[in-house]
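Here's a quick briefing to read alongside the model. Let's start with the aromatic rings and then zoom out.

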Amino acid sequence: MKTGRPAGAGLLSAKDGRWLCFWIGALIALGIWDHLFLNRPAFERIINGFINTVFIALLSVVFTLAMAWVITLAFHRLGSANNRSGFYVLSFFLNLIRSIPQIVGVLFGYIGIAALVTAGMLPGKAAIFLLMSICMSGFIMPEVIDLLRERIDHYVKLDFFNALRVCGVSQWRIINFDILWKNSRIHILNKLISVFGSAVFLQCSVDFIISVGLSSDVNAVTLPTTLGSLLAKMDSKQDILAIGNTLTNPAYLPQLFFQHLQGLTVASLIVITLLAVYQISCGYAERHRL
């Protein structure tokens with residue numbers, strides 16, 4: 001009689017599965033420790049900031065994929081129709097976005113969102129989240145567009161593309177179903193994992209810059225709480241500076257885990273999340289031999 005392993009055994013034995021479990025376990029451990037030793041208002045701020053950060057990053061992944069897919073199809077359509085002027089205009093637009101450093105572009109986008117909120121044009125939190133996600137997606141999507149175009153160009157040169165066209169299969173079905181879904185979804189998913197990490201990094205970096213550069217009153221009114229804005233608060237900065245005190249006073253180390261939990265937790269959440277996402281992406285690529 002043939003026996004098989006449990007469905008999750010293969011995933012848990014892989015690098016990406018182990019790092020996913022490590023990330024979830026670290027979040028649970030930090031949550032339990034903070035629940036026991038961190039004051040409740042700070043604990044609630046950290047939970048709110050972490051949820052906002054992850055939610056905006058996930059929205060950025062969705063918008064990045066959607067915009068990259070639309071622009072990739074536009075590139076293919078313009079190329080197939082020999083519309084060189086439209087192809088060059090779209091290429092110029094994409095290269096213009098590439099020429100702007102991501103963190104600079106997102107920074108100015110967030111400043112524009114803050115101005116809209118201050119003017120009362122974006123009263124709801126949902127609208128702010130959407131605009132923040134779209135802003136980050138606009139500067140991340142060129143990476144996904146390159147992947148999608150590379151996959152399409154590769155398969156269009158193969159015999160199966162012309163064979164399906166001769167059989168009467170629609171060109172758009174071949175591209176969307178046979179190429180992007182059946183033969184490229186693993187590559188796309190691996191890229192989207194990296195996009196999630198990039199969105200978290202950009203969001204935390206820009207929120208930190210804005211929170212340090214603007215007064216706390218302005219930041220509280222304009223943008224929602226995230227890990228980046230929490231890291232810029234005075235309490236968190238003092239907690240981070242306390243870590244340096246342990247270099248000259250090692251006996252002070254145990255007090256970090258009780259008296260400086262807010263800054264230590266926020267910094268740990270950012271570092272652990274970015275490290276875990278990177279390792280999950282690498283492990284996923286190794287497991288599927290990408």
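This is a predicted model, and the structure holds six aromatic pairs. Take Trp 19 and Phe 22: their ring centres are 5.1 Å apart and their planes sit at 80°, so this pair counts as edge-to-face.

**Aromatic pairs**
- Trp 19 and Phe 22 both belong to helix H2 (residues 15–37), three residues apart, or about one turn of the helix.
- Trp 19 is partly exposed, at 22% relative accessible area, and Phe 22 is partly exposed too, at 40%.
- Phe 75 and Phe 87 make an edge-to-face pair as well, with 5.3 Å centre to centre and 75° between the planes.
- Phe 75 comes from helix H3 (residues 40–80) and Phe 87 from helix H4 (residues 84–99), so the pair ties together parts 12 residues apart in sequence.

**Nonpolar core**
- The largest nonpolar core has 70 residues, and Tyr 110, Ile 113 and Ile 179 touch the most other members.
- Beyond its neighbours within four places in sequence, Ile 113 is in contact with Leu 122, Ile 128, Leu 131, Met 132 and Leu 223.

**Overall build**
- The protein has 14 helices and zero strands.
- Its C-alpha atoms fill a box of roughly 75 × 65 × 35 Å along the principal axes.
- Of the 290 residues, 42% are buried.
- Among contacts between residues at least 6 apart in sequence, 74% join residues at least 24 apart.

**Surface and charge**
- The mean positions of the 22 positive and 14 negative charges lie 10 Å apart.

Conventions
Residues numbered from 1 in each chain as written. Predicted model: local features only at pLDDT ≥ 70, side-chain atom pairs only at ≥ 80, totals over all residues. Heavy atoms only, no water. Core = buried A, V, L, I, M, F, W, Y, C linked by side-chain atoms within 4.5 Å. Buried < 20%, exposed > 50% of the residue type's maximum accessible area, 1.4 Å probe, protein only. Contact = heavy atoms within 4.5 Å. Helix = DSSP H or I, 4+ residues; strand = E, 2+ residues; numbered from the N terminus. Lys, Arg positive; Asp, Glu negative; His and termini not counted. Charge placed at Lys NZ, Arg CZ, Asp CG, Glu CD. Phe/Tyr/Trp six-rings, centres within 6.5 Å; stacked < 30°, edge-to-face > 60°.
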